[in-house]
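The following exercises are to be worked with the sequence and the coordinates at hand. Each task is followed by a solution in steps.

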Amino acid sequence: MSVKDILGDRYDKIVDLAKRRGFFWPSYEIYGGVAGFYDLGPLGVMLKINVVNLWREYFVLKHQDLVAEIETPIIAPEVVLRASGHINHFTDPIIECLNCGRKYRADHLIEENIGLKVEGYGVEDLNKIVREKELKCPQCGGKLSDVRTFNLLFKTTIGPYSSDVGYLRPEAAQGMFSAFKRVFISMRERLPLGIAQIGRVARNEISPRQGMVRLREFTIMEVEFFHDPEGDDPPWDRFSGKLRLLPAELRQRGEEKPIEVDVVEAVREGLIKNKWLGYWMCVARDFIRELGVEYSDMHYEEKMPYERAHYSAQTFDQLVRVSRWGWVEVSGHAYRTDYDLRRHMEISGEDMKVFKPFKEPRVVEVEKVVVDKAVLGRALGSSLASFLEVLRNMDVEEVKKALATSEENIVISGFRVPRAAVKIVKEVEKLSGTKIIPHVAEPSFGAERLVLIVLDKAYSEEENRVVLKIPKKIAPVKAAVFPLLEREELVRVAKEIYSDLVSLRLTVLYDESGSIGRRYARADEIGIPYAVTVDFQTLSDDTVTIRDRDTKQQIRVSIKDLRKKLLELLDLELGAV
RNA sequence: GCGGCGGUAGUCUAGCCUGGUUUAGGACGCCGGCCUCCCAAGCCGGAGAUCCCGGGUUCGAAUCCCGGCCGCCGCACCA
């Protein structure tokens, strides 16, 4: 059996378990299912909530001085995605071989075969090039079809009139860019500012496979981190250290092994082009580690320029090794520069620049236009007001140009005025800052993928039984309560303990059916970290046993200490579940 | 989207080639009862199947044929 078969077998078992115990399964199964859609079951929902909350802990709560979370709609009007570039760039030009049926990205085909950069070309242009250069199928040499477009956006209509086109968002980011000014103001106008969002997105993938790994609709967890690239350093004391990464340059040379670099050095040397990008990669590293992924099973891969999204100046994918699929992308880290805000400023006309104060106010000499209104009034009469308006909006350099003549009268923007009435004077001005368009570093995660990864890493078999070693912090059910036997006196105490633990806001499972061994096994299979058992000794001394899922060791505690002990074992504070 | 393989209770599967012998069999799981003093013990009973969907061939289709859907693998695609 090859390694792949063993891994595949393991994946099959996980999928099987997920369906059987209620983590996830294909959606709309009774109608045959639809590729790219998955339901989360009862345990899946609980696990996902914990994964999402852990993400929130790392990316929002640990950074509440820097990051604020918002929520925006999943439907966006066309103009928003036009501004973001998704209408144009999310549409792939596809070309097909009429002989063998293979499909290619038309732009990639052209670039690879004749080295012509055709990014952003329309369908007609691409078609023209294909015909002029007589391109053939690179596989079989067959004739190629016309170029068609393939849009990965889900389209819908807003309101009763079909002319109002809307799209399901392919990322949460655009809602955050659109709302940037509002959030910036409500967060008291300070940079850096991260805006976080957890929400659903949809991408109409051409052929989704890989189960939960590639979905057409999923939950995205993103931070758009707005900052001044020349601003202060990230708080390296919170997150920093080593990153395993595979730079594009090494990939180009066919290298597959990541190198280990110190993030601060990598930023200084320009390997990571933006310091906040590097910072959030460190946060992501530790977050993923908490899901049960060893550092050696995770690294970053820099995307090649042609692999990057249209908005990105540099992208790293965080990869985690999983059964069956090998290295899977769990997060993308893109340096989006000021691309998005700039585009939204252009299209919406809204000024989203941010005032950047200088450390010290600067004294600068500026040139100003000074006019003699008395003279001008006599020359222009009633058009004086409109002339002054034009002048106000005019660049000093242009006025200078107009003055660079020896004529008596000069012409400025169609107004003929006496030369002597317009002067340029130099003045000393104090400037306390300037306006900049913030740059953005974006870490972005898919939640459902992470659920799968947690199960993949947690799955283990012990003597023919399954133990899900889910990290206790994210385990969907925290404790199980059993009577040793189904005797009324034991059942009564066990049920009391169950209610008591529920009142702590713990997720708890009560089970009295079958033998005690079977119940431990059932609990292990869904990853319950601790099992409390009421036995006959309980009746005489008010103690119960707590059994550890991973070590199978039991400790005996008195019922009155049980709450405290369990919370301690689970690393939880009272009320902070 | 192309090619190959597959789709039978919650899960895994037998049966399919060679149509009727099957009220579609089994294992595990689930539910109820009995039993059981700590790791899937045992006994009894029970529920649970659009045999993926649609059409065709046939006296008769889980079984043969065609189309579709879904899944896996390879190719292509995957900001």
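**Exercise 1. The loop that holds Pro192**

Task: Locate Pro192 in this predicted model, and determine the form of the peptide bond that leads from Leu191 to Pro192.

Solution. Step 1: Pro192 belongs to the loop that connects helix H8 (180-186) with strand E10 (193-202). Step 2: the bond from Leu191 to Pro192 has an omega near -5°, and the bond is cis. Step 3: Glu189 is found in the loop between H8 and E10 as well. Its phi is near 50°, a positive value in a residue other than glycine.

**Exercise 2. Backbone and exposure of Arg324**

Task: State where Arg324 is found, what its phi is, and whether its accessibility class is buried, partly exposed or exposed.

Solution. Step 1: the loop between strand E15 (314-322) and strand E16 (326-337) contains Arg324. Step 2: phi of Arg324 is near 70°, which is positive although the residue is not glycine. Step 3: the relative accessible area of Arg324 is 30%. Buried requires under 20% and exposed requires over 50%. Arg324 is therefore partly exposed.

**Exercise 3. The packing of H2 against H11**

Task: Describe how helix H2 (residues 42-59) and helix H11 (residues 275-290) cross, and classify the residues in their contact.

Solution. Step 1: the two axes, of H2 and H11, come within 10 Å and cross at roughly 145°. Step 2: the handedness of this crossing of H2 and H11 is right-handed. Step 3: H2 contributes Val51, Leu54, Trp55, Tyr58 and Phe59 to the contact, while H11 contributes Trp280, Val283, Ala284, Asp286, Phe287 and Glu290. Step 4: sorted by class, the contact of H2 with H11 has nine nonpolar residues, two charged residues and no polar residues.

**Exercise 4. Domains and their contact**

Task: List the domains of chain A, and describe how domain 1 and domain 4 are placed and in contact.

Solution. Step 1: the domain assignment of chain A gives domain 1 (11-90 + 152-339 + 441-446), domain 2 (91-151), domain 3 (355-435) and domain 4 (477-570). Step 2: taken over C-alpha atoms, the centres of domain 1 and domain 4 are separated by 39 Å. Step 3: the contact involves seven residues of domain 1 and six residues of domain 4.

**Exercise 5. Helices H17, H18 and H20**

Task: Characterise the crossing of helix H17 (residues 488-503) with H20, and state which residues of helix H18 (residues 516-525) are buried.

Solution. Step 1: the axes of H17 and H20 come within 11 Å and cross at roughly 40°, and the crossing is right-handed. Step 2: the contact is made by Val493, Ile497, Asp500, Leu501 and Ser503 of H17 together with Ile559, Leu562, Arg563 and Leu566 of H20. Step 3: by class, the contact of H17 with H20 has six nonpolar, one polar and two charged residues.

Step 1: Lys560 is found in helix H20 (residues 559-569). Its relative accessible area is 69%, so Lys560 is exposed. Step 5: in H18, Arg519, Tyr520, Ala523, Asp524 and Glu525 are buried. Just after H18, Gly527 has a positive phi of about 80°.

**Exercise 6. The surroundings of Glu486**

Task: Determine where Glu486 lies, why it counts as exposed, and which residues it is in contact with.

Solution. Step 1: Glu486 lies in the loop between strand E24 (479-483) and H17. Step 2: Glu486 counts as exposed because its relative accessibility is 54%, and the class begins over 50%. Step 3: leaving aside neighbours within four places in sequence, Glu486 is in contact with Val491 and Glu512. Step 4: Glu486 and Lys13 are 473 residues apart along the chain, and their C-alpha atoms are separated by 32 Å.

Terms used:
Residues numbered from 1 in each chain as written. Chains lettered and ligands numbered in written order. Predicted model: local features only at pLDDT ≥ 70, side-chain atom pairs only at ≥ 80, totals over all residues. Heavy atoms only, no water. Axes fitted to C-alpha atoms, helices over the stretch in contact; angles between N-to-C directions. Helix = DSSP H or I, 4+ residues; strand = E, 2+ residues; numbered from the N terminus. Left-handed = near helix turned anticlockwise from the far one by under 90°. Contact = heavy atoms within 4.5 Å. Nonpolar A, V, L, I, M, F, W, Y, C, P; charged D, E, K, R; others polar. Buried < 20%, exposed > 50% of the residue type's maximum accessible area, 1.4 Å probe, protein only. Domains from an automatic or database assignment.
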